[in-house]
Amino acid sequence: MDELVLASWSDRFWAWLIDVLLMGLIWHRVVLVLGIDPMHLDAMLMLSGLIFVYWTALEGYRGQSLGKMLLNIVVVGPYGEAIGFRDSALQSFGKAFLLPVDCLIGLLAYRGKRQRLFNKLSDTVVKKQVI
């Protein structure tokens, strides 16, 4: 098993930003086609839902979203094992719908383990991937 080296907060931020920008581009096209006001609550919930499904699917399947692949980081269980879709959905929910609260509680309560609240609840960590 690879050594469990936790990913830095900055790597996690850049991976998150890449994913959000990518999904934002797709969402923008959908909103334009459907003629929905992008500032309307329904449109914002659609974006959060799209991002949630994206993270749940990719991180549940291979532990990595596209942003994580580019930054060589991966979501795993506490001992470096692969996670399933249930754990992926739980940890994705926090960052898709409750990110400020998720990060703030994580930074205050789980700083040493570099976990967000929903990482803790799903028993997951984000580690550097050895290539």
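**Reading helices, strands and cores**

User: Arg114 is found in the loop between α5 (99-109) and α6 (117-122). How exposed is Arg114 there?

Analyst: Good place to start! This is a predicted model, where local features need pLDDT of at least 70 and side-chain atom pairs count only at pLDDT 80 or more, while totals for chains, interfaces and linings use all residues. Residues are numbered from 1 along each chain as its sequence is written, and side-chain values use heavy atoms, leaving out hydrogens and water. Helices (H or I, at least four residues) and strands (E, at least two) are DSSP runs, numbered from the N terminus. Buried means under 20% relative accessible area, exposed over 50%, and partly exposed in between (1.4 Å probe, protein chains only). Arg114 counts as partly exposed because its relative accessibility is 30%. Arg114 also has a positive phi of about 50°, although it is not a glycine.

User: Where is Asp123, and what is its phi?

Analyst: Asp123 lies in the loop between α6 and β2. Its phi is positive, about 55°, and Asp123 is not a glycine either. With 45% relative accessibility, Asp123 counts as partly exposed.

User: How do I read two packed helices?

Analyst: They are described by the angle between their axes and the distance between the axes. Here, the axes of α2 (residues 41-62) and α4 (residues 85-97) come within 8 Å and cross at roughly 145°. Axes are lines fitted to C-alpha atoms, for helices over the stretch in contact, with angles from 0 to 180 degrees between N-to-C directions. Residues making the contact (heavy atoms within 4.5 Å) include Ile51, Phe52 and Trp55 of α2 and Phe85, Phe93 and Ala96 of α4.

User: Which residues of strand β1 are buried, and on which sides?

Analyst: In β1 (residues 73-76), Ile73 and Val75 are buried on one side, and Val74 and Val76 on the other. β1 pairs with β2 (residues 125-128) in the antiparallel sense over 4 bridges; pairing requires that DSSP finds at least two bridges between two strands. Val74 has Lys127 of β2 as its bridge partner.

User: Which residues make up the largest nonpolar core?

Analyst: A nonpolar core is a set of buried Ala, Val, Leu, Ile, Met, Phe, Trp, Tyr and Cys residues joined through side-chain atoms within 4.5 Å. The largest has 9 residues: Met23, Trp27, Val31, Ala43, Leu47, Ile51, Tyr54, Trp55 and Ala96.
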